[in-house]
Amino acid sequence: MADLHFLANPARFRRFSQRVLPSLAFATVLMLAVGLYMALIQSPPDYQQGDTVRIMFVHVPSAWLAMAGYALLAGLGASLLIWRHPLAALMARASAPVGAGFCAVCLLTGALWGRPMWGAYWVWDARLTSMLLLFFLYLGHIALSRAYDEPERGDRAAAILALVGVINLPIIKFSVDWWNTLHQPASVARLGGPSIHPSILIPLLWMAATLFLLFVLLVLLRTDTEIDRRRLENAELQA
Amino acid sequence: MTPKRKRLWLVLGSVAVLGCAATLVLTALSDNIVFFYSPTQIAEKQIPPERRFRMGGLVEAGSVTKSPDGQVTRFKVTDTNKTVDVVYRGLLPDLFREGQGVVAEGSLGSDGVFAAREILAKHDENYMPPEVAKALKDSGQWKDGKK
């Protein structure tokens with residue numbers, strides 16, 4: 001793997017992101033256009049759910065990215081607390097609201113699917129409850145990082161919360177195996193291979209790749225903004 | 001030991017300790033975290049009548065009957081080991097059908113019949129187009145071997 005250490009320096013990170021952002025944005029839009037065509041028009045309805053299955057093309061990638069985003073927060077928290085990376089705190093501030101957004105999309109689309117399929121918008125089973133907890137962990141991170149007058153103290157408190165909350169990630173993933181839940185068990189990442197027909201699986205993976213690009217795009221963009229904001233605040237302090 | 005290494009072990013150690021604590025708590029509470037009991041668990045637990053809880057399993061094929069006015073549905077829920085009779089008054093969700101998963105909330109009557117107040121359909125992890133499902137059923141490769 002290439003050495004990514006140069007990205008720890010905010011100035012160099014900014015030059016790097018300015019270089020990749022335009023092509024990244026172009027690729028995201030292009031893939032989204034193709035992905036929406038695949039998800040909404042080309043893919044077949046499900047034999048049980050009919051067209052309601054199309055909600056999954058947004059719901060499942062959002063769930064994956066909400067969890068990946070929190071893993072990123074925990075990694076950034078660790079690198080802030082252990083190695084004092086100057087960029088880690090800024091990137092954590094930038095990525096927490098993005099992850100929270102994907103988490104909210106996951107919860108809302110899940111409710112819209114649950115009403116016609118299960119007969120309930122919401123139930124308190126282990127999968128749904130642990131996902132709601134993830135959303136609150138995100139909100140806690142956002143609030144905590146902005147709760148102090150000195151931003152460094154907020155960054156450190158939020159980093160600790162990110163590391164504590166990372167325990168929730170395996171609970172979310174395996175909740176459907178460890179306990180009886182109303183939520184169905186894993187269909188893609190499971191022993192014995194995916195239990196989704198390729199005509200539905202391929203659009204799902206395409207949408208996952210698309211939303212992953214969107215996630216990276218938003219995090220880079222917002223990290224740039226955080227770097228600018230921190231510079232501006234430092235300049236004001238010196239003036 | 002450098003300060004960095006010390007902090008690394010401190011972070012790893014704290015997460016490991018918290019992980020152990022969470023595992024212990026969840027194991028201790030697992031009886032309350034499950035969303036429903038299976039018919040076998042109900043037989044083992046001797047749940048008293050009128051206590052509200054949720055029961056889950058498959059709707060036994062051929063067991064669904066409706067009252068003449070169509071409001072009361074009777075069916076059996078099975079986990080292939082034990083079976084419980086269920087009676088329910090009200091509208092059923094779209095995915096409710098024989099051979100499919102279902103979760104019913106209600107209580108056992110003194111006659112052993114489960115009076116459901118709410119019925120939720122449980123979806124399984126299989127997704128496929130209707131033609132594929134039909135082809136699988138026609139060729140006898142359906143998941144439970146039934147047509």
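1. Starting with chain A: seven helices and zero strands. Walking from the N terminus, the order is simply α-α-α-α-α-α-α. Keep in mind throughout that this is a predicted model.

2. On overall dimensions, the C-alpha trace of chain A spans about 65 × 40 × 30 Å along its principal axes. Chain A has 239 residues, for which a compact globule would have a radius of gyration near 18 Å; the 19 Å of chain A agrees with that.

3. As for the inside of chain A, buried residues make up 39% of its 239 residues. Of the contacts in chain A between residues at least 6 apart in sequence, 77% link residues at least 24 apart.

4. One helix pair in chain A deserves a look in your viewer. The axes of α2 (residues 56-83) and α5 (residues 151-165) of chain A come within 8 Å and cross at roughly 130°. Angles over 145 degrees would count as roughly antiparallel and 65 to 115 as roughly perpendicular, so α2(A) is oblique to α5(A). The crossing of α2(A) and α5(A) is left-handed.

5. Who makes that contact? From α2(A) come A:Tyr70, A:Leu73, A:Ala74, A:Gly77, A:Ala78, A:Leu80 and A:Leu81. From α5(A) come A:Asp155, A:Arg156, A:Ala159, A:Ala162, A:Leu163 and A:Gly165. By type, the residues where α2(A) meets α5(A) split into nine nonpolar, two polar and two charged.

6. On to chain B, which has four helices and six strands. Along the sequence, the pattern of chain B reads α-α-α-β-β-β-β-β-β-α. With 147 residues, chain B would get 15 Å from the globule rule, but its radius of gyration is 22 Å, well over that value, so chain B is more spread out than a compact globule. The C-alpha trace of chain B spans about 80 × 45 × 25 Å along its principal axes.

7. The burial and contact figures for chain B go as follows. Buried residues account for 22% of its 147 residues. Among contacts in chain B with a separation of 6 or more, 48% are between residues 24 or more positions apart.

8. Most residues other than glycine have a negative phi. B:Gln46 is not a glycine, yet has a positive phi of about 55°. B:Gln46 lies in the loop between α3 (39-45) and β1 (52-59) of chain B. Is B:Gln46 buried or exposed? With 6 other C-beta atoms within 10 Å, B:Gln46 is exposed, since 12 or fewer is the cut-off for that class.

9. B:Glu50 is the other spot: again not a glycine, with a positive phi of about 75°. B:Glu50 is found in the loop between α3 and β1 of chain B. B:Glu50 has 10 C-beta neighbours inside 10 Å and therefore counts as exposed.

Definitions and conventions. Residues numbered from 1 in each chain as written. Chains lettered and ligands numbered in written order. Predicted model: local features only at pLDDT ≥ 70, side-chain atom pairs only at ≥ 80, totals over all residues. Helix = DSSP H or I, 4+ residues; strand = E, 2+ residues; numbered from the N terminus. Rg over C-alpha atoms; globule rule 2.2 N^0.38 Å. Buried ≥ 20, exposed ≤ 12 C-beta atoms within 10 Å, placed from the backbone. Contact = placed C-beta atoms within 7 Å. Axes fitted to C-alpha atoms, helices over the stretch in contact; angles between N-to-C directions. Parallel < 35°, antiparallel > 145°, perpendicular 65-115°, else oblique. Left-handed = near helix turned anticlockwise from the far one by under 90°. Nonpolar A, V, L, I, M, F, W, Y, C, P; charged D, E, K, R; others polar.
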